[in-house]
Amino acid sequence: IGRREDLATCMDMVTTSAARLMNLTDYGVSVGATADLIVLPCQDANSAIAEIVHPTLGIKRGRRSFARPASVLNRP
């Protein structure tokens, strides 16, 4: 899986397709929907799949469940 189209398919597998398989009726971004999400430090969806990134924030039912601060490089 190296083409951009394939990467988009992978993102769909872990988002909309997974929600559809679980019969989630309130999936997606809309007013009143459950706020379950993770924040990835990426430029776009393809980068989220192609690169190894660690989530920086997780929210479950509208409440922060974890936060990972950005790495800091210290001078020697």
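Where is the place of asparagine 23?

Guide: The model shown here is a predicted one. Asparagine 23 has its place in the loop between H2 and E1, where H2 is the helix of residues 16–21 and E1 is the strand of residues 37–39. The backbone angle phi of asparagine 23 is near 55°, a positive value in a residue other than glycine. Asparagine 23 counts as exposed, because its relative accessibility is 63% and the exposed class begins over 50%.

Leucine 24 is found in that loop between helix H2 and E1 as well. With a relative accessible area of 42%, leucine 24 is partly exposed. Together with Met22 and Tyr27, Leu24 forms a nonpolar patch on the surface. The accessible area of these three residues together is about 320 Å².

Aspartate 36 also belongs to the loop between H2 and E1. Its relative accessible area of 38% makes aspartate 36 partly exposed. Aspartate 36 forms a salt bridge with lysine 60, and the closest N and O atoms of the pair are 3.4 Å apart. A search of the whole structure finds 1 salt bridge.

The loop leads on to the sheet. Strands of a sheet pair through backbone hydrogen bonds, either parallel or antiparallel. Here 3 strands form an open sheet in the order E1-E2-E3, and the pairing is antiparallel. E1 and E3 stand at the edges, each with a single partner strand, so one side of each is left without a neighbour in the sheet. From one strand to the next, the twist averages 20°.

Consider each pairing in turn. E1 and E2 are joined by 3 bridges, and leucine 37 has isoleucine 59 in E2 as its bridge partner. Strand E2 covers residues 57–60 and strand E3 covers residues 63–67, with 4 bridges between them. Leucine 57 stands opposite alanine 67 in E3.

E2 and E3 form a hairpin with 2 residues between them. Arginine 61 is found in the loop between these two strands. Like asparagine 23, whose phi is near 55°, arginine 61 has a phi near 55°, a positive value in a residue other than glycine. At 65% relative accessibility, arginine 61 counts as exposed.

The cysteines remain to be considered. A disulfide is a covalent bond between the sulfur atoms of two cysteines. In the whole structure, a search finds 0 disulfides. The sulfur of cysteine 10 is 14 Å from the closest cysteine sulfur, which belongs to cysteine 42, and this is too far for a bond, because a disulfide requires the two sulfur atoms to lie within 2.5 Å. Cysteine 10 is buried, with a relative accessible area of 15%, whereas cysteine 42 is partly exposed, with a relative accessible area of 25%.

Conventions. Residues numbered from 1 in each chain as written. Predicted model: local features only at pLDDT ≥ 70, side-chain atom pairs only at ≥ 80, totals over all residues. Heavy atoms only, no water. Pairing = 2+ DSSP bridges. Axes fitted to C-alpha atoms, helices over the stretch in contact; angles between N-to-C directions. Patch = residues over 30% accessible without salt bridge, like charges linked within 9 Å, V, L, I, M, F, W, Y side chains within 5 Å. Areas by Shrake-Rupley, 256 points an atom, 1.4 Å probe, with all protein chains shown as cover. Salt bridge = Lys/Arg side-chain N within 4 Å of Asp/Glu carboxyl O. Buried < 20%, exposed > 50% of the residue type's maximum accessible area, 1.4 Å probe, protein only.
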